[in-house]
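Have the sequence and the 3D view open as you read.

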Amino acid sequence: MTSSLPHGATAPAQLDWHDGQPFSIAFGDVYFSRDSGLEETRHVFLKHNQLEERFAALPPHGRFVIAETGFGTGLNFLCAWQQFEALAPADARLHFVSAEKYPLTRRDLSQALALWPELAPWSAQLLAQYDTLTPGWHRFLLADGRVTLTLMVGDVLDALPRLDARIDAWFLDGFAPAKNPDMWQPELFRQMARLSAPGASFATFTSAGVVRRGLAEAGFEVKKAPGHGRKRHISHGWIAQPPTAGWRPPWYARPPQRWRERSAIVIGGGIAGAATAHSLAVRGWQVTVIERLPRLAGAASGNPQGVLYTKLSPHMTPLTQLVLSGYAYSLRTLAAQLPRDGKDWAACGVLQLAYDAKESEKQQALSALGLPLEIMRQLDQAEASELAGMPLPSGGLFFPQGGWVHPPALARQLATHPNITHRTGRSALELSHNPAASCWTVSDEQGPLAAASVVVLAAASETAQFDPTSHLPLKKIRGQVSEVAATESSAALRTVLCGEGYISPARQGRHCLGATFKFDTDDLTVREEEHAENLAMLAELAPALHAALGQPPQAIAGRAAFRCTSPDYLPLIGPVVTQSDFVRAYRELARDATLQPEADCPWTAGLYLNAAHGSRGMITAPLSGEILAALLEDEPAPLPADLMQAAHPSRFLLRDLIRRKLALDES
């Protein structure tokens, strides 16, 4: 089976077209009924999950979650979305989670969906965001954020155990049991039961005995109903009470929803803060963004050009898995939010040069992963030079979908929403919480700035300045970028070049290159010696381009800012617990790390953080807003559970407690 983890290639679906309809070569089966796929979907999945009645009965701000075992052409998803839009309250939200082992190419998906002109208003929105998909999980925001699609590319039996969600209705779809026996296994039915909300329903086109028995053994009530067209029977049913879940680490659990109203304060106006504000605002939250600088994205998010830099590991570490999901989400966000005009962003591709033997060996290992060529391909020296528009000393890996973005433009656009208010030029100095009112107040030296049910700290290294977060192991690293006026020769550069440093094609007549890494300094003065370092890196990376800028380059300028990183270089995204409360709750782990404590985590109610995106902020920060929104709204997580834990703020407290680095007498 192909894993949902990106441990190897997940091949696109291989299709044949029979009388204009898609046919799976791998499974020897059709994707939908030859007679009327649309009516069969409505009969099997919509009618027998009672979606018409359930959508209409949703309360204001209601939420409905559907999970599907085979995305295929997306027909079931589009039909459900169409019905939801027609019947659900205007402020209700639909979440659709689907697995697909062999995703269709965009061309095949477009051709298949063209068979259903009635669905064109919905299929057009999906196709606008759909592109070649890497193995892993992909988040789509549709209908102005009212509809969320989480597409898990990989084997469903690998994906469902990693899913964190409460499912209201199941579309048990996929190729017939006789054609695809590997999917229709008892483990599938057990995972369905585990993930189901009380009363969750299911429907499936098959009435095969192995499916009906498997569902019944997992706890579902199973019924037969007349099929559609030539199909004699289908199966449907529900699960009244899902099985009791086994032990799960309470320090990674979702905090209970204690907020009384959808209001939040986001401290920090960079990409992470703006993405958080945006994800909450499209869900109906009233958000106040507090930024200490005079404008949004004035610190590390303020560089003229940020690179969509997908530096991967051939070992598919948690960071690489996060980067793959975040990279695709950032590209969809850019396409939806900014014009591709060469001013705010340019999809010019990113060329990661094999600048030494070690890097070349690493790139060979990455190429062996078999990621789609539309995502990444290896170029020799001649190919790389031709693509870049100038001579290069080596070949490398080319990421065609990548490019550069003007980060302030993205931050401003994400934070431009009727539900978002900005308070710039004000420093959040104090947090106070009123438990009785479930309300936080944020103040500066002049008094209160804002009050809300929830506070999200997205202020980079300054996130640790508050008492509840003072234990966080955040590091700040000075980085200086240089801006150099383009010459007639350097303007020929057509793609971002990366190695030890980077340089982007000219934006408004200037190249951006960098960036330095300086530890143990609080000084942000622009330094000539760091300009020299950046130029020296460029000379190593691309000597011809360095020479094309002139000797010395003219009109050099730049800026310095602090990156914020964590010890494992993964961001910190999630709820906050103070060190003393954590130690009191789980001190026994210092003596025996194998224990499974039952005590609920003593969360600091309504306090969350989003920080430490480091030099990968353009890749990981946009998706971080969806992670926090999913936690606050009790929605399906946009990432597998193990990746959610890998980015969880509690991971360092747990590690240090087990290693006995924390004082056990804290009270």
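Here is a quick tour of some strands and their partners.

This is a predicted model, where local features need pLDDT of at least 70, side-chain atom pairs count only at pLDDT 80 or more, and totals for chains, interfaces and linings use all residues. Residues are numbered from 1 along each chain as its sequence is written, and side-chain values use heavy atoms, with hydrogens and water left out. Strands of a sheet pair through backbone hydrogen bonds, either parallel or antiparallel.

**The six-stranded sheet**

- Six strands make up an open sheet with mixed pairing, in the order β20-β13-β12-β24-β31-β30 (strands are DSSP runs of E, at least two residues, numbered from the N terminus; two strands pair if DSSP finds at least two bridges between them).
- β20 (420-424) and β30 (572-575) are at the edges with a single partner strand each, so one side of each has no neighbour in the sheet.
- From one strand to the next, the twist averages 15° (axes are lines fitted to C-alpha atoms, and angles run from 0 to 180 degrees between N-to-C directions).
- Inside this sheet, β12 (residues 263-267) and β13 (residues 286-291) pair in the parallel sense over five bridges, and Ser 263 of β12 sits opposite Gln 286 in β13.

**Strand β16 and its partners**

- In β16 (residues 350-353), Val 350 and Gln 352 point one way, Leu 351 and Leu 353 point the other way, and all are buried (under 20% relative accessible area, with a 1.4 Å probe and protein chains only).
- β16 runs antiparallel to β18 (residues 396-399), joined by four bridges, and Gln 352 stands opposite Leu 397 in β18.
- β16 runs parallel to β26 (residues 496-498), joined by three bridges, and Val 350 faces Val 496 in β26.

Key:
Buried < 20%, exposed > 50% of the residue type's maximum accessible area, 1.4 Å probe, protein only.
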